[in-house]
Amino acid sequence: MTIITLPPSCTELLLNHLGGRWTAGTGDATPLFDPVLGTELVRVDATGLDLSGGFEHTRRVGGTALRALTYRARAGLLGAIGKVLQANRDAYYEIATANSGTVKNDSAVDIDGAIYTLGTYARLGDALGDRLTLLDGDATPLAKGGAFGSQHVQVPVQGLALFINAFNFPAWGLWEKAAPALLSGVPVVVKPGTSTAWLTQRMVRDVVEAGILPPGALNIVCGSSAGLLDALRPFDVLSFTGSADTAALLRRHPAVAERSVRVNIEADSVNSAVLMPGAVPGSAAFDLLVKEVAREMTVKSGQKCTAIRRIFVPEALYDAAAEAIGARLAKTTVGNPRNEAVRMGSLVSRAQLRSVQDGLATLQQHAQTLFDGRGAALIDADPAIAACIAPVLLGTRDADGTDIVHTTEVFGPVATLLPYRDAAHARALVARGEGSLVCSLYGEDGADSAHALADTALDLAASHGRVHVITPEVATLQSGHGNVMPQSLHGGPGRAGGGEELGGLRALNFYHRRAAVQGSAAVLGGVQASA
Ligand code: NAP
């Protein structure tokens, strides 16, 4: 790798990897900061890169080499990547602390979540065996006697996968997409969210330098996204994670609108938690909801696309729920993640802090503040410099009339408590989110409760990517409202972007093209034999 010598006053300039080379941008680099200390860490710049040539190299060199391997062989590559990441895990935690301002437990969600996801796809891919093609169903006869028929197949797309990612998951956000793409035989270009690009770049650097993947299979562009979509060709795919506003811009780009580049969008979402009708304060279901809400509001300082933003409780329990959630939030110590006493670190940047403060102030014009942790001093952090903010619980008894709480995502430790009259009212209020990533339901054990929970889950499935149902019998086994498991679907309809990721081998669909081969029994037999 080329080493760039910088003037002593400058921090390290992170290199881009494209076209089989490590390349520095030629423009004014963008500094990345420690959001707690305010110090500059590294710089990124993608100015002057030959995107068109680099993308062509990715398709031709990386794609061809990956597609020559079987699914089992590519699964082996994922396993080897997981080992490289595991070996460098300590360095990743240090970068996360410095650049994302997260405490260890929150860095783990990103870093260990990435390693776990890679391991899961390595196992799933190994089970696909030594084949080069996937069959989609059985052959169907199109003529009497079956002498002529149709066999659907799934073949890897013959383009590249461009990932434009959000700042909040620099590790998991790369690998939850790259694992199914590489397993499918599709080479990757990732453009991480700029403010936390360091961790993504470091992981890509480690994996490229380990020489596991064929040349051209894994690439990174750090900094501005200018020109990336212009370089996409019809067989490429684009996977975007970020805000609804940016998503709308991408959908209108000629690559998508005119060249039919397949696009997957994971956007923002006003997720909910519902305490089922009939619950009483102090019951197991009540306590489980309270615990999970406090956890979801504070993990990664609420910067999770899946975090609970709206909490629905039976109207008689509004005050009890407000008190119990507030009491739990009051235990959250906020400040410098390097201090052992701190439970919640900072937001990712001062810009993000301003955005959260603005969103909170807007919601406060329409809702009461039921708990505000901002009175307590930050631990080991200067409020004039650090991007730290304590959790705030809002609430309004007018859940029907306060539209803004159903439509506004404040990307920080903020949620709103809302009362409902009966089960139908609760479902109608949840649906006001216009499509979300996840909703969690809290009920008791027992057959009647299970029946009501299943019924509600199926109703909400139409407007959610995932419905997470918690009863006391699974309290210690459950994976968490906000944790995205590779075995389960991630994505949501409507406002959430309409995308689908993960869900085990379902994720491979995005990176494959389905086609029907029509022919004689002998030809279809040949197709089946290669799968
Ligand atoms: P963002 O501002 O939309 O940025 C997302 C990515 O798009 C970044 O890499 C950004 O680059 C890039 N970008 C910005 N403008 C662009 C343009 N005109 N053309 C191409 N790319 C462009 O979102 P964010 O603030 O990073 O992320 C927070 C949001 O993401 C939240 O709303 C959250 O709900 C959502 N999110 C959703 C999921 C999910 O799975 N559904 C997961 C995580 C986050 P720069 O960083 O260089 O600006």
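Which side chain meets that of Arg 72 in a salt bridge? The partner is Asp 130, with N and O separated by 3.3 Å, where a salt bridge is a side-chain nitrogen of Lys or Arg within 4 Å of a carboxyl oxygen of Asp or Glu. Because Arg 72 belongs to helix H2 (residues 71-87) and Asp 130 to the loop between H4 and strand S6 (134-135), the pair ties together parts that are 58 residues apart in sequence; helices (H or I, at least four residues) and strands (E, at least two) are DSSP runs, numbered from the N terminus. Arg 72 is partly exposed at 35% relative accessibility, whereas Asp 130 is exposed at 56%; buried means under 20% relative accessible area, exposed over 50%, and partly exposed in between, with a 1.4 Å probe and protein chains only.

Before going further, note that this is a predicted model, in which local features need pLDDT of at least 70 and side-chain atom pairs count only at pLDDT 80 or more, while totals for chains, interfaces and linings use all residues. Residues are numbered from 1 along each chain as its sequence is written, and side-chain values use heavy atoms, with hydrogens and water left out.

By the salt-bridge rule the count comes to 18. One of these pairs is Asp 319 with Arg 397, at 2.7 Å from N to O. Asp 319 lies in helix H10 (residues 318-329) and Arg 397 in the loop between strand S17 (392-395) and helix H12 (404-407), so this pair ties together parts that are 78 residues apart in sequence. Arg 397 is exposed, with a relative accessible area of 52%. Another salt bridge joins Arg 432 and Asp 403, whose closest N and O atoms are 3.2 Å apart. Here the loop between helix H13 (423-431) and strand S19 (436-442) holds Arg 432, and the loop between S17 and H12 holds Asp 403, so parts that are 29 residues apart in sequence are tied together. Both residues are partly exposed, Arg 432 at 26% and Asp 403 at 43%. Salt bridges that share partners also join Glu 56, Arg 59 and Asp 236 into one network.

The protein is divided into domain 1 (13-267 + 501-530) and domain 2 (271-488), with bounds that come from an automatic or database domain assignment. Their C-alpha centres lie 31 Å apart, and 31 residues of domain 1 are in contact (heavy atoms within 4.5 Å) with 31 residues of domain 2. The area buried between the domains is about 2300 Å², of which carbon and sulfur atoms give 61%; buried area is the accessible area (1.4 Å probe) that two parts lose on being put together, summed over both. Val 36, Val 103 and Phe 167 supply 23% of the area that domain 1 buries against domain 2, more than any other three residues. Between the two domains the count is 1 salt bridge. Asp 34 and Arg 338 form a salt bridge, with their closest N and O atoms 2.7 Å apart.

A polar atom of the side chain of Ser 184 lies 2.7 Å from the backbone oxygen of Pro 180. Not counting residues up to four places away in sequence, Ser 184 touches Tyr 71, Arg 74, Pro 156, Leu 508, Tyr 511 and His 512.

Terms used:
A polar contact is a pair of N or O atoms within 3.5 Å; within protein, one must be able to donate a hydrogen and the other to accept it, and residues adjacent in sequence count only if both atoms are side-chain atoms.
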